[in-house]
Amino acid sequence: MKLSTKELVICSIFASITAILAQISIPIPFTTVPLTMQMFSVMICGILLGSRLGFLSQVIYLSLGIIGIPVFSQMGGGIGVLAGPTGGFLISFPIVSFIVGYFFEKYKNNILLLLSMLIALFISYIIGTFQFSLIAGVSFFKGLLTCVVPFIIVDFIKIGLVYIFGKCIRKRINLKNI
């Protein structure tokens with residue numbers, strides 16, 4: 001994949017936005033998974049950058065965290081975070097951004113865009129819950145109760161906000177010439 005300097009800079013800026021929004025983190029007492037604004041950022045990256053660059057922005061974000069820069073929620077960093085109970089959610093970020101970006105590029109239908117965000121969120125839930133269940137030694141169902149159920153309503157609100165803000169921002173800026 002050949003990238004221009006401009007594309008790399010834009011992807012890095014969006015990786016930084018994800019890192020900043022990750023710090024908006026509210027610990028929930030009954031789960032190790034905090035409430036963050038990361039998913040909002042990941043989906044916005046897909047809408048604004050498209051599938052390829054949205055995916056790359058999240059790979060950059062994960063790479064920064066892997067090498068130890070504290071970009072993950074609660075100023076976390078290092079490979080241990082990705083190997084930990086919430087690492088599956090982080091690992092899903094490039095996939096989520098790609099799916100949302102792909103649907104936004106290919107289909108101008110609003111219903112399909114919302115559906116793509118729901119599908120991407122569902123995939124994130126599956127990957128994250130699977131890893132949580134393995135690391136925590138609990139059943140997948142118990143993982144769903146811990147990692148998904150408390151966040152469903154908030155995540156649906158985030159999807160609505162991403163849809164509104166993403167489409168509005170996309171109309172106002174010209175990212176087509178990246």
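**View 1. The lining of the largest pocket has 13 nonpolar, 8 polar and 2 charged residues.** Here Ala, Val, Leu, Ile, Met, Phe, Trp, Tyr, Cys and Pro count as nonpolar, Asp, Glu, Lys and Arg as charged, and the others, Gly among them, as polar. The model is predicted: local features need pLDDT of at least 70 and side-chain atom pairs pLDDT 80 or more, while totals for chains, interfaces and linings use all residues. Residues are numbered from 1 along each chain as its sequence is written, and side-chain values use heavy atoms, without hydrogens and water. The pocket holds about 400 Å³ of space. Of its 23 lining residues, V33, P34, T36, Q38 and F89 lie nearest the centre. At least two lining residues come from each of β2 (35-36), α2, α4 (87-91), α6 (110-136) and α8; α6 supplies the largest share, 3 residues. (Pocket: on a 1 Å grid over the protein atoms alone, an open set of points where a 1.4 Å probe fits, with protein on both sides within 12 Å along at least five of seven lines; lining residues have an atom within 4 Å of a point. The volume is the space filled by probe spheres set on the points, which are joined across faces, edges and corners. Helices, H or I of at least four residues, and strands, E of at least two, are DSSP runs numbered from the N terminus.)

**View 2. R52 and E7 form a salt bridge.** Their closest N and O atoms are 2.6 Å apart. (Salt bridge: a side-chain nitrogen of Lys or Arg within 4 Å of a carboxyl oxygen of Asp or Glu.) R52 belongs to helix α2 (residues 38-66) and E7 to helix α1 (residues 5-22), so the pair ties together parts that are 45 residues apart in sequence. R52 is partly exposed at 32% relative accessibility, whereas E7 is buried at 7%. (Buried is under 20% relative accessible area, exposed over 50%, partly exposed in between; 1.4 Å probe, protein chains only.)

**View 3. D155 forms a salt bridge with K158.** The structure holds 2 salt bridges; in this one the closest N and O atoms are 3.3 Å apart. Both residues lie in helix α8 (residues 152-172), 3 residues apart, about one turn of the helix. D155 is buried at 9%, and K158 is buried at 7%.

**View 4. The largest nonpolar core has 47 residues.** (Nonpolar core: buried Ala, Val, Leu, Ile, Met, Phe, Trp, Tyr and Cys residues joined through side-chain atoms within 4.5 Å.) M43, I47, Y61 and M117 have the most contacts inside this core. Helix α2 gives the most to the core, with 14 residues.
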